[in-house]
Amino acid sequence: MEAKIPTLRVKFKDDFDKIEFILKVYSLAINQPIRAFEMVILKYYMYYGYTQEAVEFIKKGEKKTDGDIRTANTHLRQKGFLSHGVTNLRKSSLSPELEALRKTFMIDRKKLYALVLENAET
């Protein structure tokens, strides 16, 4: 008898919807909840990369100020979603894990997101 791997298929209306699902799963896995505006920011960063262009899209599309975005970025760094720049601490980037997710799902357009369930005591 052939063993079947349980599969959960998720349908998305667009890339931002897909990114939100990926971020929700990731945040649950690392036990770091994401606030609504933080989710908006991360979706833009996952789609466009951590760029000034993404910040401008957030400011225009969400009607937020630079201060709002900087405050949210600080919280996202504290939670581990963003990393400080290597040579300039005032510059940030997606964390290595989120950058890997961005590359996998947004750049390479992969469709498989594997979950490995492990006992926390091991």
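**Exercise 1. The whole chain**

What percentage of the 122 residues in the chain do buried residues make up?

*Solution.* Start with the ground rules: this is a predicted model, in which local features need pLDDT of at least 70 and side-chain atom pairs count only at pLDDT 80 or more, while totals for chains, interfaces and linings use all residues. Residues are numbered from 1 along each chain as its sequence is written, and side-chain values use heavy atoms, leaving out hydrogens and water.

Next, the term: buried means under 20% relative accessible area, exposed means over 50%, and partly exposed lies in between (1.4 Å probe, protein chains only). By this rule, buried residues make up 31% of the 122 residues.

Now list the elements. Helices (H or I, at least four residues) and strands (E, at least two) are DSSP runs, numbered from the N terminus. The chain has 5 helices and 2 strands, and along the sequence they follow the pattern α-α-α-α-β-β-α. The C-alpha trace spans about 60 × 35 × 25 Å along its principal axes.

Finish with the contacts, where contact means heavy atoms within 4.5 Å. Among contacts with a separation of 6 or more, 53% come from residues 24 or more positions apart.

**Exercise 2. Helix H2**

Check the span of H2 against the expected one, then find what its buried residues pack against.

*Solution.* First, the span. The expected value is 1.5 Å times one less than the number of residues. H2 has 13 residues, and its 19 Å from first C-alpha to last is close to the expected 18 Å.

Second, the buried residues. These include Glu38, Val40, Leu42 and Tyr44. The buried residues of H2 pack against H1, H3 (52-62), H4 (66-79), E1 (82-84), E2 (92-94) and H5 (96-107).

Third, look at what follows: just after H2, glycine 49 takes a positive phi of about 90°.

**Exercise 3. Rings and a charge**

How many aromatic pairs does the structure hold?

*Solution.* Rings of Phe, Tyr and Trp (its six-membered ring) pair if their centres lie within 6.5 Å; planes under 30 degrees apart count as stacked, over 60 as edge-to-face and the rest as tilted. The structure holds 9 such pairs.

One of them joins tyrosine 44 and tyrosine 48, with 6.2 Å centre to centre and 20° between the planes, and it is stacked. These tyrosines are separated by about one helical turn, because they are 4 residues apart in helix H2 (residues 36-48). Tyrosine 44 is buried at 14% relative accessible area, whereas tyrosine 48 is partly exposed at 26%.

Compare phenylalanine 105 and tyrosine 113: their ring centres are 5.4 Å apart and their planes meet at 50°, so this pair is tilted. Phenylalanine 105 is buried at 5%, and tyrosine 113 is partly exposed at 28%.

Step back to see a group: Phe16, Tyr44, Tyr47, Tyr48 and Phe57 form one aromatic cluster.

Last, a charge. A charge sits over a ring if NZ of Lys or CZ of Arg is within 6 Å of the ring centre and within 35 degrees of the ring normal. The charged end of lysine 64 sits over the ring of phenylalanine 37, 4.9 Å from its centre.
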